[in-house]
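Reader: Can you walk me through the aromatic rings here? Keep it short, please.

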Amino acid sequence: QVQLVESGGGLVQAGGSLRLSCAASRSRFRINDMGWYRQAPGKQRELVATIIDGSSTNYADSVKGRFTISRDNAKNMVYLQMNSLKPEDTAVYYCYYAETRYGLRYDYWGQGTQVTVSS
């Protein structure tokens, strides 16, 4: 069982920046990818960014050019640098971690961290 601990959320004005961090406990199984989802009130959870093997990244169109995902394999951590924040970025941000066990994918989720962007 992989446990995830997120940090870095908070309140920021539009145009500001925040950096989210997520620490994953060690696992003996092969990691697939890590990343971030978010869920705004009344909306479905949506993908924000993913990173595979520490280098290949994927972003939602709404955050491209503003957010940067990175990973520290030695520390088993993933980060989300969020710049030029907009009020529509307000949401609970969830870190996820995916690994493969005996050919099956397992996903783990953090508890979520609130990001609020004021106009």
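Author: Here is a quick tour of ring pairs, then charges over rings. This is a predicted model, where local features need pLDDT of at least 70, side-chain atom pairs count only at pLDDT 80 or more, and totals for chains, interfaces and linings use all residues. Residues are numbered from 1 along each chain as its sequence is written, and side-chain values use heavy atoms, with hydrogens and water left out.

Reader: How many aromatic pairs does a search of the whole structure find?

Author: Five. Rings of Phe, Tyr and Trp (its six-membered ring) pair if their centres lie within 6.5 Å; planes under 30 degrees apart are stacked, over 60 edge-to-face, the rest tilted.

Reader: So what kind of pair do Tyr-37 and Trp-109 make?

Author: Edge-to-face, because their planes are at 70°, with centres 5.2 Å apart. The two residues are 72 apart in the chain.

Reader: Which pair do Tyr-96 and Trp-109 form?

Author: A tilted one: 5.7 Å between centres, 40° between planes. Tyr-96 is buried, at 4%. Tyr-37, Tyr-96 and Trp-109 form one aromatic cluster.

Reader: New topic. Where does the charged end of Arg-45 sit?

Author: Over the ring of Tyr-94, 3.8 Å from its centre. That term needs NZ of Lys or CZ of Arg within 6 Å of the ring centre and within 35 degrees of the ring normal.

Reader: And what about Arg-101?

Author: Its charged end sits over the ring of Tyr-106, 4.9 Å from the centre.

Note on methods. Helix = DSSP H or I, 4+ residues; strand = E, 2+ residues; numbered from the N terminus. Buried < 20%, exposed > 50% of the residue type's maximum accessible area, 1.4 Å probe, protein only.
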